[in-house]
Each structure stands twice: as structure tokens, then as C-alpha cells.
Amino acid sequence: MLRVCVLGKLTLLRDCMAMQLPQSKKTRALLAYLAVTARPHSRSRLCAMFWSVPDDPRAALRWSLTRLRTLVDGPDRRMIMADRENVALNPDGAAVDILSLRNAVRSGTDAMSTDALRQAAEALDGDFLEGLDLPDCQEFHSWCTAEREEARRLRAQILGALITRLADAPDEALRYARALSLLEPADEAAQAALVRLLRATGRWREAEEQYQRAQQRLEEFNVVRTGTLRQAAQQPLQGDARTRADGGAAAPPNAERPRAPPALHEVRFCWTSDNVRIAYACVGEGPPLVWAAHWLSHLAFSWESPVWRHWTEEFAKDHAFVNYDERGNGLSDWDNPEFSTDAFVRDLEAVVDTLGLDRFALIGSSKGGPTAIAYAARHPERVSHLVLFGAFAQGWRTRGSDAENKQREAIVTLTRQGWAQDNPAFRQILTSILLPDAKLEEMGWFNDLQRISASAENAARLMQSAGDINVLDLLPGIVAPTLVLHCRDDASSPFEQGRLVASRIPGARFVTLESRNHILLPRDPAWAIFVGEVRRFLREDASATARG
């Protein structure tokens, strides 16, 4: 029994033994064409397909058929069926791999066993007639192109069936999802399947990188999106985020990272009053402590990051620590939300209302400061304590000089152009402003966080919205006990803004921290002072309230 394999390089097997093919590429192409089409062809058509007129096409066809007869004909069976008019390969004496696969799929992939699907996927991994190109034979070239496209569609169908079949074995399904993603770069469902399985197998960081790449490709292909990819990236993520890093291997140890065992993190979602989906998490037990969302957040990534993880680990020790990604960031909705102080307050309102928190302590750091200030002014009965760190009441455009405004506008322009690029050179500019004393590893983490936390357009719009913030008039109306902390040499949020905020809030206490970092790292001496001051503030004020 002959077996003709056209997936990958053309191979001819007799009784499972490979046979040596003719040197002539046209003779080999003729064999493949006869085998795959599985029907008679007129000699004149074959001559026109493979040989030009000056080459005596009929003589060239006879020569090729003679070579093929010595190769495929058996002692008791003629495989080359030819007469004066037509030529064919005997279909009863040869099995052709691509035809066998098409016949198997014709009844539906549901009827195929999982092993059969695996074997089909492996066979289809090779290109149709790999390396057998005849650019001077236009009709054969066009036929080959069509067959390759058909084989590609068949492979996509098989891979999709395997991904569905292996729903309970995500580690194995992931292999096929990767292949399908490469095969169908403009298919949103294929990209969503890969993102979903990367998350299901704990490869959350790779999942976010893949999500960003897929978003960019879909935009390049002008694909009308259904939201499938976004939904895959926003599915609740549960489990220890440090279990795996890129490629599924255990995350490398970080000497600076606290060694306490991680809590179980679960991302949930809620909806704001203006219909924006917000991702949030609550970790630990105890009195509620809510961290108003700052810019550049990503719930899953932050749990692994040495830049942010220590916040959750520290305050979840004895509080129900609530944090969330604001609109346009991380796992929350990215698509066309409004960016303003009012909008950011709606995000916070949605989270605390969903959790049913009647009264809670509130922390606002950096851009989360104005959000916390506005919320505390609007809902004084719900905020038991207000902590503001590195906060400001006036955005850069509101308070800034012409020189500062020009500098900030230049950064916004660069953000739109360079944010999503693989080269982190631009993002390093912002990292150097926010974390001037960071080590290379910490800078690398923060560079990555910038890229996956927001799109270039959202990042630029968020910068613009931060420039327009002005909550100065709300400060005198704050009634909650307030602690304001600010780093003396903060290059992002001026020290004077911290003093201004503290001076306008009745009874507020101001603490100066000696650091250049806008974001305090766990090894920064100011971090220990910050934690001690916040804990003392929450504890002492709670005791005073209880005595009262």
C-alpha cells in the first residue's frame, strides 16, 4: 500500500518505508497534484500546467510519467492510469494524508477521538508541500496556494476542537492555543483562548503581555471586536500569583520581597453608575481599609511586583484591605471611559457599595489622593480615617508654571508615541521620576507595569486628566481625622502640595518623610516610618472613638 504525504515535505511510503523521489521538482509536483486531486486530468491540461511550449510539453510529460511508473507501480497493480487523453493516480492503491484528514473531519470533530485530534494537529503542523514551489508554473502555484489555505483552515478547526476538548486540562490545551494564536492573528476568539488559558495555568504576566500584543494586532487588522478578548483578560483570577512566572516556571526569588506567605487573592468585578466595569480585590480580615486607586495599577501584576506587593502584605495583616484598578487601568474597562475626578470617585463608590462597607478607613496615595479627598468630602459619614500620601490638591496644569506645563505636555506626547513599544527607553523616563532610587530590577518591574497597565492612549489621557485636577475647595469640608504624609524630595508630586493639603484640612497632622521616591519601596527607610505612622494613627484614633 502506498502512502503519499503532502503535509510537510513530499514523502512517498511503501509499507511504511520511505522511497527516493525523482530529482525533478516538476515530476514530484505532478505526483502530488495527481494524488491530492484524486481524479483524471487531460494530458493537455497537465502539459499547460507544468511545461511551456518550447520544451515539448508532451515529451516532458511522458518522461515524468515513466519515472513515476517505476516508482509507484507494483508487480500486481498499476498506479499510474494513463491513456492517450487522460492521466490519473489509482485512488484505490494509495492513501493521501490530507485527504484522510479531510474525510475524518467531514463527519465533525466531535466524532473524532482526542488522540485522533492530536495526531491530526501534529500532521497539519507542516506546510502543504513544503519547499516544493514552482514560481514559473503559475497554475500549479495558484493551486498550491489554495491548498495551503485550505490546510491552514483545517488546522485551525482541529486546534479549536482540541482546545475545547481539553477544557479540563488547561496545561495541555495551552500548547494548542499558542499554535492557534499564531495561525489566526486576526481572530479575536483565538487570541482570547490563549489569554484565558495562560491565566488558567498561572502564567498571568505572559497573559497580560499576550493581551497587549493581541489588542495591537487586532487594531492593525481593523478587526471589529466583540469583547471576547477583553472578557478573557478580565475573568476572575484566583490563586497565588507567585506560583508561576513567564513560561510557567517558579518566579525567581526577590531578596527585597517580604517572605510572609501570600494570601489568597481573588479579583472580582463591579459596575459603576456610568456603566464602567471595575476590578477589585479584598485581602485579609479585620476593619476595612480601602486604598483609593492610583495611576499605573494592575491587580494581578501588583501582587507579584516588588514595587507594590508590600502594601497589600503589610496592611492585610490586620485589615480587610481593599484595592482596585481604576477605569482605564489594569483589569478594569479600558474602552472610552470618562477620566475626571468625578469619574474616579464613581469607581470608588462602586467598589465600597458592592462590598457593603458602611464606614471604613481610606488611603489616597499619589493621584488617588484627590479621589479620596473628593469622596471624603461627599460622604463624611462613611470615612472613619483619611490617610493621604504623596497626594496633591491641584494638578500640574492647575498649579504649574509655563515651564512645568511644557515639560508635562512633552511627556504626554511621548507617551502616545512610545508607551507600547517593546523598547522601555521612554517608560524609563517616568520610572526615573517616580522611583529615582530604585534598583535595576525594581525599575524593570515598573517599566513592565506601565506597559501592561494601560494603553498608550489611556496613559496619555490619564496624564492629561491629572493635570486638570483641582480639589482645593473641598479640603475645608473634610471632617474625618486626617494624616498627611509626603516625601521631602518627591519629584512627581511637589512637597508644597502635601503641606498645602494638610494646612487646609481642619485638624490634619502632617508628617515629612525623608526620601526622593514618590512610590516608597520596602527597603526605603521612609517605608517603615510611613507604616508606623499610619498604624499609630488608625489605632489611636480608633481608641479615642471607642472611649468617646
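**Reading strand pairs and helix packing**

Q: Which residue of β2 is the bridge partner of C5?

A: The bridge partner of C5 in β2 is T11. The model is a predicted one, in which local features need pLDDT of at least 70, side-chain atom pairs count only at pLDDT 80 or more, and totals for chains, interfaces and linings use all residues. Residues are numbered from 1 along each chain as its sequence is written, and side-chain values use heavy atoms, with hydrogens and water left out.

Q: How many bridges join β1 to β2, and in which sense do these strands run?

A: Two strands pair if DSSP finds at least two bridges between them. Strands (E, at least two residues) and helices (H or I, at least four) are DSSP runs, numbered from the N terminus. Strand β1 (residues 2-5) and strand β2 (residues 11-14) run antiparallel and are joined by four bridges. They form a hairpin with five residues between the strands, and in its turn G8 has a positive phi of about 90°.

Q: What is the bridge partner of L13 in β3?

A: L13 is partnered by A18. Strand β3 (residues 17-18) pairs with β2 over two bridges, in the antiparallel sense. The hairpin of β2 and β3 has two residues between the strands, and D15 takes a positive phi near 55°.

Q: At what angle do α6 and α7 pack?

A: Two packed helices are described by the angle between their axes and the distance between the axes. Axes are lines fitted to C-alpha atoms, for helices over the stretch in contact, and angles run from 0 to 180 degrees between N-to-C directions. Helix α6 (residues 138-165) packs against helix α7 (residues 170-183) at about 150°, with axes 9 Å apart. The pair is therefore roughly antiparallel (over 145 degrees; under 35 is roughly parallel, 65 to 115 roughly perpendicular, the rest oblique). Their contact (heavy atoms within 4.5 Å) involves R152, R155, A156, L159, G160, L162 and I163 of α6, with A173, Y176, A177, A179, L180 and L183 of α7. By class, this contact has ten nonpolar, one polar and two charged residues (Ala, Val, Leu, Ile, Met, Phe, Trp, Tyr, Cys and Pro count as nonpolar, Asp, Glu, Lys and Arg as charged, and the others, Gly among them, as polar).

Q: How do the axes of α13 and α14 cross?

A: Helix α13 (residues 341-355) and helix α14 (residues 368-378) have axes that come within 9 Å and cross at roughly 70°. These two helices are therefore roughly perpendicular to each other. T341, D342, F344, V345, L348, E349 and V352 of α13 meet P370, T371, A374, Y375 and R378 of α14. Seven nonpolar, two polar and three charged residues make up this contact.
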